[in-house]
Number of protein chains: 2
Amino acid sequence: MQLESFIPPSRVLMGPGPSDVSKRVLDAMARPTIGHLDPEFISMMDEIKKLLQYAFITKNELTFAVSAPGMAGMECSFANLVEEGDKVIICKNGFFGERMKENVERFGGVPIMVDDEWGKKIDLNKVEEALKNHPDAKIVAFVHAETSTGVMSDPKALTKLAHDHDCLSIVDTVTGLAGVPLKVDEWEIDAIYSGTQKCLSASPGLSPISFSNAAKEKIKNRKTKVKSWFLDLNLIMSYWEGEGGRSYHHTAPINALYGLHEALLILKEIGIENSWKKHMDNHLLLRKGLEDLGIDYLVNENDRLPQLNSIYIPDGIDDLESRKKLLNNYNLEIGAGLGALAGKIWRIGLMGQSSNKKNIDHCLESISKVI
Amino acid sequence: MQLESFIPPSRVLMGPGPSDVSKRVLDAMARPTIGHLDPEFISMMDEIKKLLQYAFITKNELTFAVSAPGMAGMECSFANLVEEGDKVIICKNGFFGERMKENVERFGGVPIMVDDEWGKKIDLNKVEEALKNHPDAKIVAFVHAETSTGVMSDPKALTKLAHDHDCLSIVDTVTGLAGVPLKVDEWEIDAIYSGTQKCLSASPGLSPISFSNAAKEKIKNRKTKVKSWFLDLNLIMSYWEGEGGRSYHHTAPINALYGLHEALLILKEIGIENSWKKHMDNHLLLRKGLEDLGIDYLVNENDRLPQLNSIYIPDGIDDLESRKKLLNNYNLEIGAGLGALAGKIWRIGLMGQSSNKKNIDHCLESISKVI
């Protein structure tokens, strides 16, 4: 057995996540571990909560980071909000809609699928039709920023539709948070989850989430216990929210939370609106360069995520070989297509720390060499 | 809102976990983040798998680290192995037996509780009686190293009992791994989970687990889907085990895994048997000092975990006040009692990097000053 420390190669991370993690965040993760019930640590958790409220633009009390990656944030949302027999309208326009379906089924809910083509935004008319056909639906779930295609949908309009039909909304913004405008309170979103390794540029492993009071009420009034002990918000609340002392629920990922704290500080220093603007500016810069190379986008101009650029692989170019070259010769990671888009598209991330002119230049130059 | 980087105080971690994390492990976590599908990262995952097989002393193919803390390892074990209506014998001699019950119930199983007093080891006769009374039981679940009391039970004998009655065993060794003898293959354990923040002295946030072929078969032949998408081993196997390419399941906690890799390397350098011996030697040293202070142990001499020393709080000493003094004046974290033992015992950890003479001296001196 080889017995050496792992020294990772130096990569430029321009795939669908993780994004480049700054030295500040890496250094934060290397600070000495302290206890998860240490008063100093609890104070830092309170700051993370406030900083996440800032990022989500919400006053939601139930705002914190699930102690596991983004997919656990998804599971946390569905496990807590779906009860046996609940009908859930799932808008599926990419890979992650299918995962939502899996979640709903496993928790005993009934998924009602509203399908849109991969690469298109969610069609409000179809969702409204589904809501009319299923007046007993309880939840509308959808992906704000589809990581598999680079499409942005409209959480504000979709949540309004949900509310007009007495449903709660569950929003996946794993790739969206800090990259595109998102206003949880103003848009009245009920449950939303994200990841740390996209536009926040912290290391993967945590999932920021936020729940409205309406969602919180639904969780408190469940008829059955949540089908997960680890993700049961009734229990987790007592660790993240407990007044007069926190109860032990599980051991938090201490050093990962140091990193998230630092990444959120950086976001606060930049300013959330400036962060949105930065992602858009750099997207336009990359787009210009790609157009000059004769490369087309998968997604309609108006529906593109600036932080995730899905482009057609030029004719005659071998997907796997080219990405291997990019990685091995240029240390550049970009993303492959998923599902039916495998071999057809590449996904170029411009998320968080990865969203900068130097990376864009390096990316354009490297791609121009392999095509 | 305060806007400063979080600089943790310097603590000596001698509670029930987390334990002190070495500079080597902290530095590893600060190395640049790379992608979770990067071939270099996949190679490191393979090494982690081999190192965990070394730590568990097993050849089990299904050996890896769940991307969340120890409690998710517990949930992963029960979610995958328990099906609707399955009877599970749960040996409860502390806090974590109750958590097992919660897990079994939430996944639709029927818990059969075998209770022992907190602070006593699991009574084999009672377990045998329960197995005789419930010939249709499918699983025997128990805690190897009870973190709430400092008691060690006998996984070898309990697993043999389980097998004699056609049951699988699920073993909680969150606090046990690398601290006391544990031989997964030789003892024919079916499913076992641990944590990174105890005797391995990595940061919290990951849960090493290992499943026998019998357990794997049961999972593959389930009649119903696992009631968790995030923890479904049928899906996770394709990321940790996939031949000819790994499938994306979720984004692994990259930097936390760097840390675990380094912590496991340190264990391999020390040697697993030497690690057990170190924990015992330092336990005897601490015990001598505590006895000199007139302090008594909760647990019978033969059943004590060397890495977690549960001692009675001396008469007339205020629990909370004293622990506050230890933390604030001596930077020493020790653990409180849980449940009925709250206010009655302290738990002094000597786990992994925390298990050394300097810490023992500091602990004894600090305690002598506050009692």
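Helices and strands here are DSSP runs, numbered from the N terminus: H or I over at least four residues makes a helix, and E over at least two makes a strand. This is a predicted model, in which local features need pLDDT of at least 70, side-chain atom pairs count only at pLDDT 80 or more, and totals for chains, interfaces and linings use all residues. Residues are numbered from 1 along each chain as its sequence is written, while chains are lettered from A and ligands numbered from 1 in the order in which they are written. With that sorted, let's start with chain A.

**Chain A overall**

- Chain A holds twelve helices and 13 strands.
- The C-alpha trace of chain A spans about 60 × 55 × 45 Å along its principal axes.
- Chain A has a radius of gyration of 21 Å, which agrees with the value near 21 Å that a compact globule of 371 residues would have. That radius is taken over C-alpha atoms, and the globule rule is 2.2 Å times the number of residues to the power 0.38.
- Of the 371 residues in chain A, 57% are buried. A residue is buried if 20 or more other C-beta atoms lie within 10 Å of its own, exposed if 12 or fewer, and partly exposed in between, with C-beta atoms placed from the backbone.
- Take the contacts in chain A between residues at least 6 apart in sequence: 72% of them join residues at least 24 apart. Two residues are in contact if their C-beta atoms, placed from the backbone, lie within 7 Å.

**Where the two chains meet**

- The contact takes 65 residues from chain A and 65 residues from chain B.
- On the chain A side, the elements giving two or more residues are α1 (23–29), α2 (39–56), α3 (70–81), α4 (95–106) and α9 (254–270).
- The largest share of that side comes from α9(A), with eight residues.
- By class, the side of chain A that touches chain B has 29 nonpolar, 20 polar and 16 charged residues. Here Ala, Val, Leu, Ile, Met, Phe, Trp, Tyr, Cys and Pro count as nonpolar, Asp, Glu, Lys and Arg as charged, and the others, Gly among them, as polar.

**A helix pair in chain A**

- Two packed helices are described by the angle between their axes and the distance between the axes.
- In chain A, the axes of helix α5 (residues 124–133) and helix α6 (residues 155–164) come within 10 Å and cross at roughly 15°. Axes are lines fitted to C-alpha atoms, for helices over the stretch in contact, and angles run from 0 to 180 degrees between N-to-C directions.
- α5(A) and α6(A) are therefore roughly parallel to each other. That label covers angles under 35 degrees, with over 145 counting as roughly antiparallel, 65 to 115 as roughly perpendicular and the rest as oblique.
- The crossing of α5(A) past α6(A) is right-handed. A crossing gets that name if the near helix is turned clockwise from the far one by less than a right angle, and is left-handed if anticlockwise.
- α5(A) brings A:Leu124, A:Val127, A:Glu128 and A:Leu131 to the contact, and α6(A) brings A:Ala157, A:Leu158 and A:Leu161.
- Sorted by class, the residues of this contact of α5(A) with α6(A) are six nonpolar, no polar and one charged.

**A helix pair in chain B**

- Helix α5 (residues 124–133) of chain B packs with helix α6 (residues 155–164) of chain B at an angle of about 15°, their axes 10 Å apart.
- α5(B) passes α6(B) in a right-handed crossing.
- This contact involves B:Leu124, B:Val127, B:Glu128 and B:Leu131 of α5(B), along with B:Ala157, B:Leu158 and B:Leu161 of α6(B).

**Backbone details worth a look**

- A cis peptide bond runs from A:Gly17 to A:Pro18, with omega near 0°, and A:Pro18 sits in the loop between β1 (12–14) and α1 of chain A.
- B:Gly17 and B:Pro18 are also joined by a cis peptide bond, with omega about 0°.
- A:Ala178 has a positive phi, near 75°, in a residue other than glycine. You'll find A:Ala178 in the loop between β8 (168–172) and β9 (191–193) of chain A, and it counts as buried, with 27 C-beta neighbours inside 10 Å.
- A:Glu188 has a positive phi too, near 60°. A:Glu188 lies in the loop between β8 and β9 of chain A and counts as partly exposed, with 16 C-beta neighbours inside 10 Å.
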